[in-house]
Every structure is written in C-alpha cells, then in structure tokens.
Amino acid sequence: MGIVAKNLHKQFGETRVIRGVSLSVEPGEMVSLLGPSGGGKSTVLRILAGLERADAGEVWLDGQRVDHLDAASRGVGFVFQHYALFRHMRVVDNVAFGLKVRKVNPDEARRRAEALLARVGLGGLSERWPDELSGGQRQRVALARALAPAPRVLLLDEPFGALDARVRADLREWLRRLHDEVGATTVLVTHDQEEALSVSDRVVLVRDGLIEQDGSPAEIVDSPRTEFVARFVGEVNVVEGVVDAEGLLVAGGLRLRVPGAVKAGTRLRAVLRSHELQVLADPAGRGVVRRVVPLDDRARVELTLDGASLVARVPRAEAQALHVGSAVGVASQGPARVWAIEA
Amino acid sequence: MTPRRRTTPRGVGLVVTAAALLWVVGLVGVPLGALLFAVASEPARVVSELVEQGGLDALGRSVGLAVFAVLVSGVTGTIGGIVLARQRFWGRAALDVAVDLPLAVSPVIVGLAFVILYGRGGWLEPLATAMGVKVLFATPGLLLATVFVCLPFFVREVALVLEEVGTSEEDAARTLGASEWQVFMWVTLPQLRGALRVGTLLTVARALGEFGAVLVLGGAIEGRTQTATTFVHTMMEERHDAGAFGMSLILAAMTALLVQALPTGARTKH
C-alpha cells in the first residue's frame, strides 16, 4: 500500500512544526525520515497515522484520501519510541490486542500472538509482564503487537532511540530482514544517520519542518544538495576561506580544488568528509596530531593545522606512524564540496 | 575492604529515632490508649448507650453517606480528572484551583453557604420546593455536604495518574483499531485502578469523619440526620460519655483499617 502526503502543514501554538512537507512512498518500500530532533519528522509520522491532524495538506493511503479517518480506522501499524506497551497486560495479551479489537476468536488470537512472538524471537516470554523485559525485548513486543493485525503500512517513531548502541545495531539489521519478509510499506523516523542509511531504500532529510533532500542513501551521501545535508551526513570538517589567483580555495590551512571555475576573491565554505583528508607523517608538515582514536580498520585522527581543528579518518596501517604531537602534512583528495557564504 | 563509615554517628541516630517514636506515641498512641482504656473500663455501659441513644442508627447513616459519596464522586471525579488531565480549555486553570477548595475552606463555612442557598429566601429554595425536596435538616442536606467535602479526592488521584502515564498507551490502542470506548475500558480504566482505590479510601475516610458541614446542613436530629461524628458531639453534650467513647473508638478503628488498606510506598505492581 502506497503512502502519499501532499503539502502538509502543522502548527502547535505559535510554532510552525511542519511547513509544507510532501512525500511519496511506494508499496513495499522502506523510507527513513532523518533529521535533527525537533525538526517535525515525528509529527509527519503522527499525521500519517491519524494521531495528529494536519492544519493543511492531504494524506493518501493506497490511493484513498484518509484525512477524515481517525487512527483506529486507518489500519496502520505504529511503533512508539518508548514502546507504549500496555503495562497491565501480559506480553501475549499486548500482542493480541489488535486482534481482540477486531473480534478475532480468543483462542485464535492467542495462537497468532504466540506465533508472532516466536517470529520476533521472544517465544518463551508470552506470560511475562512488560516491565520484566529488557528495552530491546520490549521494542520487539511492540513491533509484534503492531504487526498482529497485518497492517500494510508500518510507521516507526524512533523505535531504537531508547536502546544502547549495540542493541540498536542488531535490531536494525533484524528490522530490515523482517521488512523484507513481511513486505509492509514502512516509514522510519530517526535522528541517527547510520540507522537511516543502513536500513532504508530511500532517505528523506527533514529540517525545520521542510524537506532538505529526498533520495537514495548513495545520493544523500555522495551528492548532498544543500550544505545542511552535507554537514549532517558523516563526520565532517567545515572550513571557510577565499579563492586565490590559481582558483584554489584557501581554507583551514588547506588549498582545496573547487568544482568549476570560481572568481578569485570569492568567499566560500567547504564541507570536507573526514575520510577525504589525507594525513601523512612529515617533519616539515604544518599539522600537529592531537589525538588518535583506533576504530575497526580505520583510525580517527584529530589534528590542528595553522590553528584550525580538523578531523580525519585514515587506514589503521597509516595511523601507525602518527603519534600525539607528531608533525604531519594534510591534503584533501578530490574537489571539495563548497557552498556560498550568505552575507 | 572499604572502610565502613556511617553517615551519622550512632548516638545521633538513636536520639532521633527515639524522639520520633516518642512524638508519634505521645500524639497518637496515648490518646488512643486513653480511649481504649475508657471503653474497656465499662464496656456494658458503652454498649447500652450506643444502642439506646441511637448510635447504631447514626453509624449506619454515616456508612451510607460514605458509600453514596464514593459512588457519586467516583463517577464525577473520574470524569473530572480525565477532563483536567487531558483537555485544554479556557478556564481550566480556574477549575484546577476550584477543585481543591473543599480542602482549603472550613466545612462549617461550606455548610453555611448551602444554608444560605437553600434556606428561607435562598436562591435555590424555590427550585427545591418546586421539586418537593427538603434540603436543610434532612437527608439531601447530608448528601450534599458529604459529596461536597469529598469532591477533590477522585479528581486529584485520577488527574495525577493520567498526567504521569501520558497518552502513548491510549494512542497505541487507537492505532491498533480500538474505538474510543474500547480505549477507555481496556487501557485508561486499568491504568486508573490504583487511583480509584486510593480515591475510594480517602473519600470513605473523609465522609466518615466529616463533622462541620453535616452538623450545619443536617442539624444532628436523632433518627433523621444524626451521623457518627455528630453523635459523639451530642453524647458529650448530654453527658453520655460512654457512648461518645464507644463511637469514637469505632470510628478510629475503621479509619485505621482504611489506612492499612492504602498502598504503602511503591505503587503495587499489576
């Protein structure tokens, strides 16, 4: 079932939370709404679910306009950040709730709930109370509960936001597999770019109630359309400077190639990904290493160059030669992504 | 081994504990003990005065009033609490304050206000007369007084719990297809179980113990508007001390049982 949102607006008191968001999700697709907290992405999700009413704009599910329908009539599965499990019901009754509401025979409802619990890997926990489960388990119960009535649309509001990093990473891989099996059209709200990029077919960047960019994970990473997107994705250095006579941008102690021909004297801001910086031990270099943090196959190097702080990610093998206080030469590979500085 | 260090020296702790115990014993234990002693020293007279002076009738009336107050404010208070916690409307802040008025204003004053309303020439007197209801010095007056002084308990407990649990469970139920009635019956009401329990206990305790308002509105007429507390008052005035002691002990025992039934400290699970 496809989802279409047209020009949504929403205001809480004086605050304009959504200022014209349009969105289209194909049947079976998994799309992330990514952006900083308070940008309005959760509100978009709640409007799609019917938990919130838009001030203006339209919501279509499966080709039907649904703005007049309340949440109960939309048949949309919803998973909340803080689980929202019914604390006075056992796990199995939580999962069976949507079936009970639909007057499914209790034995049948229980059988289906047990089957779903087994599917999310919580087979033996049916009789537990929600507060006897870990966060990760609770969120899987919440997911099983949302899936029980077999919705064709699944909306997830920061589902892993309250979990620790390890559990998050496991759960999101698991979520993607589940999505591929179940096939429900899924919209995931998250402020975690890694989560958005790793699980979704498409990422929609939302900021201040507006869409900044809507594209595949590769497009978001490789061709950011706005400075905001460039800065939001990945680990970046932001440097400002002036274009010199040779057409190179002199910024943050670096001389950067700029795409196209730019007039000398133009002020520009460059966004450099940490992995695009090359750091080499060089006694004559102007950079000084401040800190080296080992990651899996790379190392994160924090350094200063002519007074500016920069961060680079280099292969572990290259990092072996770098020590705190050692002098290094720094260069940027490829043309820099640059944006005009608004006066 | 970490050195064991008490946050307060042993001596200070002992003194504080002893002082607290003494305070409680002196304030609660001694008077209750005296009451118990007074009753135990002449039980036959206590029983006979309770029976002959209409004590049982008064006690029955008080229990009836308490049940009535629980039923009425259980329903209206739950609705009021939901409105207060969930709705945003003009005048909400004023309502929020007004709910607590029965706690802040002396019941005697409240009784007087009702006397002015329903007494001779009162604003509501024609209405009551037209409906054939006698309010003052009759059962309706007692009911009115009791319901009024018990107003805040259910509202407060319900609103407090609802604000604490938030709306996400209710929203979850909605997305699962539950109608508003199902959301209320299967999600909201179970969340309120503890609040309704506490509300009931507080309301019963207050209804049993109310004195000023029922005296002013009811008049403490034996066999008609005498309640347990006004009975104690009447007995004292008529020098039937034994009856007063007996009824006081019964009320104290009932209150103690209620306090026992209140959930202590942590919210009981499930």
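User: What makes Ser73(B) the place where H3(B) bends?

Analyst: This is a predicted model, and in it you compare two axes, one fitted to the seven residues ending at a residue and one to the seven starting there. At Ser73(B) the angle comes to about 30°, and that is the bend of H3(B).

User: How do you know that the span of helix H3 of chain B agrees with its number of residues?

Analyst: The helix covers residues 55–86, which is 32 residues. The expected span is 1.5 Å times one less than that number, so it should be 46 Å. The end C-alpha atoms are 45 Å apart, and that agrees.

User: Why is Ala220(B) called buried?

Analyst: The cut-off is 20 or more other C-beta atoms within 10 Å. Ala220(B) has 20, so it counts as buried. You'll find Ala220(B) in the loop between helix H12 (212–218) and helix H13 (228–237) of chain B. Its phi is near 55°, a positive value in a residue other than glycine.

User: Why is Asp296(A) called exposed?

Analyst: Exposed means 12 or fewer such neighbours. Asp296(A) has 6 other C-beta atoms within 10 Å, so it is exposed. Asp296(A) belongs to the loop between strand S16 (287–294) and strand S17 (298–305) of chain A. From Asp296(A) to Pro315(A) is 19 residues in sequence and 9.3 Å in space, C-alpha to C-alpha.

User: How much of chain A counts as buried?

Analyst: 42% of its 343 residues do. The chain has 10 helices and 20 strands, and its C-alpha atoms fill a box of roughly 80 × 45 × 35 Å along the principal axes. Of its contacts with a separation of 6 or more, 64% are between residues 24 or more positions apart.

User: What makes S2 and S5 of chain A edge strands?

Analyst: Start with the sheet: four strands form an open sheet in the order S2-S1-S4-S5, paired antiparallel. Strand S2 (15–25) and strand S5 (64–65) each have a single partner strand, so one side of each is left without a neighbour in the sheet.

User: How do you know that S1 and S4 of chain A pair?

Analyst: Pairing takes at least two bridges. Strand S1 (residues 3–12) and strand S4 (residues 56–61) have five, in the antiparallel sense, so they pass that cut-off. One example is Val4(A), whose bridge partner in S4(A) is Trp60(A).

Helix H1 (residues 41–49) of chain A packs on this sheet, touching S1, S2 and S4, and its direction makes about 115° with that of S1(A).

User: Why is H1(A) called largely enclosed?

Analyst: Nine of its nine residues are buried, so the rest of the structure largely encloses H1(A). Among them are Lys41(A), Arg46(A) and Leu48(A). Just after the helix, Gly50(A) takes a positive phi of about 90°.

User: What makes S9 and S10 of chain A a pair?

Analyst: Two bridges would do, and five join strand S9 (residues 202–207) to strand S10 (residues 210–215), which run antiparallel. Val206(A) stands opposite Ile211(A) in S10(A). The hairpin has two residues between the strands, and Asp208(A) in it takes a positive phi near 50°.

User: Which strands are at the edges of the five-strand sheet of chain A?

Analyst: That open, antiparallel sheet runs S13-S12-S11-S14-S20. Strand S13 (254–256) and strand S20 (337–340) are the edge strands, as each pairs on one side only. The twist averages 35° from one strand to the next.

Inside that order, three bridges join strand S11 (residues 236–243) to strand S12 (residues 249–251). Gly241(A) has Ala251(A) as its bridge partner in S12(A).

User: How many residues of chain A are in contact with chain B?

Analyst: 18 residues of chain A are in contact with 16 residues of chain B. Helix H2 (71–74), strand S6 (76–79) and helix H3 (91–101) of chain A each supply at least two residues of that side of chain A. By class, that side has 13 nonpolar, four polar and one charged residues.

Methods
Residues numbered from 1 in each chain as written. Chains lettered and ligands numbered in written order. Predicted model: local features only at pLDDT ≥ 70, side-chain atom pairs only at ≥ 80, totals over all residues. Contact = placed C-beta atoms within 7 Å. Axes fitted to C-alpha atoms, helices over the stretch in contact; angles between N-to-C directions. Nonpolar A, V, L, I, M, F, W, Y, C, P; charged D, E, K, R; others polar.
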